[in-house]
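Please look over the chain below before reading on. The briefing works from overall layout to single residues.

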Amino acid sequence: MTRALARVLGRPADGDSWRKGMTGERRVGAELDRLQRHGWRVLHSIPLPREVDLDHLLIGPGGVFSVNTKNHPRKAVWVGDDAVKVNHGRPEPYARKSRAEVKRVQRVLEHYCGFAIPVEPVLVFVGVTDLKVVATQLTVRVYREREVSALAPLNGVLTADEVERIYAVARHRHTWLTA
């Protein structure tokens, strides 16, 4: 279906979801790049097997963060312990998937680095009109794109040498081939 016809019919065109996701990832990526002056390393769009990718990997003195970007322009987002609802819609498994992704990242990095690496999940919502976090046991950090700078002052988890070792491993495509 062409984009013009899809718009007339009020339906998403092929590729609209991908484009919307990419726009959100770029916005969050720009925010994360600003953390580099605070000793953080950032990797964007790391390809994994089965045609998926890590949106962003943030490595720094405060640990390693696997950052998932969700672009929901002009929508209200509600985050509970294990579900996310966009405009009161059906529950989305964003938190569960983020936690699973972290286990994958941690397993791969620890295998190649040879030491324990703390990895935390982060969900970043882009373009939302309202973000309400009502979780009581949330194990995923949740931010709007402009709030990811809250990660900058975190420290005491990794040494500068560990940050550089993890970054050197994570930036090579070969590392993720069997992830």
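This is a predicted model: local features need pLDDT of at least 70, side-chain atom pairs count only at pLDDT 80 or more; totals for chains, interfaces and linings use all residues.

The protein chain has four helices and eight strands. Along the sequence they follow the pattern α-α-β-β-β-β-β-α-β-β-β-α. Of the 179 residues in the protein chain, 42% are buried. Among contacts between residues at least 6 apart in sequence, 60% join residues at least 24 apart.

- Five strands make up an open sheet, in the order 1-2-3-6-8. The pairing in this sheet is mixed.
- Strand 1 and strand 8 (141–144) stand at the edges. Each has a single partner strand, so one side of each is left without a neighbour in the sheet.
- On average, neighbouring strands of this sheet are turned by 30° against each other, direction ignored.
- Strand 1 and strand 2 run antiparallel and are joined by seven bridges. Pro47 stands opposite Asp53 in strand 2.
- The hairpin of strand 1 and strand 2 has three residues between the strands. In this hairpin, Arg50 takes a positive phi near 65°.
- Strand 2 also pairs with strand 3, in the antiparallel sense and over five bridges. Here Leu58 stands opposite Phe65 in strand 3.
- Helix 3 packs on the sheet and touches strand 1, strand 2, strand 3 and strand 6. The direction of helix 3 makes about 140° with that of strand 6.

**Helix 3**

- Buried residues of helix 3 include Tyr94, Ala95, Ser98, Glu101, Val102 and Arg104. Val105, Val108, Leu109 and Cys113 are also buried.
- An α-helix has 3.6 residues a turn, so residues three or four places apart point the same way. Among the buried residues of helix 3 are Ala95, Ser98, Val102 and Val105.
- The cover over the buried residues of helix 3 includes strand 1 (41–48), strand 2 (52–60) and strand 3 (63–71). Strand 5, strand 6 (119–126) and helix 4 (160–170) are also included in this cover.
- Gly114 follows helix 3 and has a positive phi, near 80°.

**Nonpolar cores**

- In soluble globular proteins, nonpolar side chains tend to be buried together.
- The largest nonpolar core has 22 residues. Those with the most contacts inside this core are Leu57, Ile59, Val64, Leu109, Ile166 and Trp176.
- Strand 1, strand 2, helix 3 and helix 4 each supply at least two residues of this core.
- A second, separate core has 15 residues, including Leu35, Val122, Val148 and Leu151.
- Which residues does Ile59 touch, not counting residues up to four places away in sequence? They are Gly39, Trp40, Arg41, Val64, Val163, Ile166, Tyr167 and Ala170.

- Glu92 is in the loop between strand 5 (84–86) and helix 3 (94–113).
- Is Glu92 buried or exposed? Its relative accessibility is 19%, and buried means under 20%, so Glu92 counts as buried.
- The side chains of Glu92 and Arg90 are joined by a polar contact of 3.0 Å.
- Not counting residues up to four places away in sequence, Glu92 touches Asp82, Ala83 and Val84.

- Thr139 has its place in the loop between strand 7 (130–133) and strand 8.
- With 47% relative accessibility, Thr139 counts as partly exposed.
- Thr139 is in contact with Arg99 and Pro121, leaving aside its neighbours within four places in sequence. A polar contact of 3.5 Å joins the side chains of Thr139 and Arg99.
- Thr139 and Ala95 lie 44 residues apart in sequence. Their C-alpha atoms are 8.1 Å apart in space.

- Ala152 is found in the loop between strand 8 and helix 4.
- Ala152 is buried, at a relative accessible area of 12%.
- Leu35, His38 and Trp40 are touched by Ala152, not counting residues up to four places away in sequence.
- Ala152 and Gln36 are 116 residues apart along the chain, with 8.7 Å between their C-alpha atoms.

Terms used. Residues are numbered from 1 along each chain as its sequence is written. Side-chain values use heavy atoms; hydrogens and water are left out. Buried means under 20% relative accessible area, exposed over 50%, partly exposed in between (1.4 Å probe, protein chains only). A polar contact is a pair of N or O atoms within 3.5 Å; within protein, one must be able to donate a hydrogen and the other to accept it, and residues adjacent in sequence count only if both atoms are side-chain atoms. Contact means heavy atoms within 4.5 Å. A nonpolar core is a set of buried Ala, Val, Leu, Ile, Met, Phe, Trp, Tyr and Cys residues joined through side-chain atoms within 4.5 Å. Two strands pair if DSSP finds at least two bridges between them. Axes are lines fitted to C-alpha atoms, for helices over the stretch in contact, and angles run from 0 to 180 degrees between N-to-C directions.
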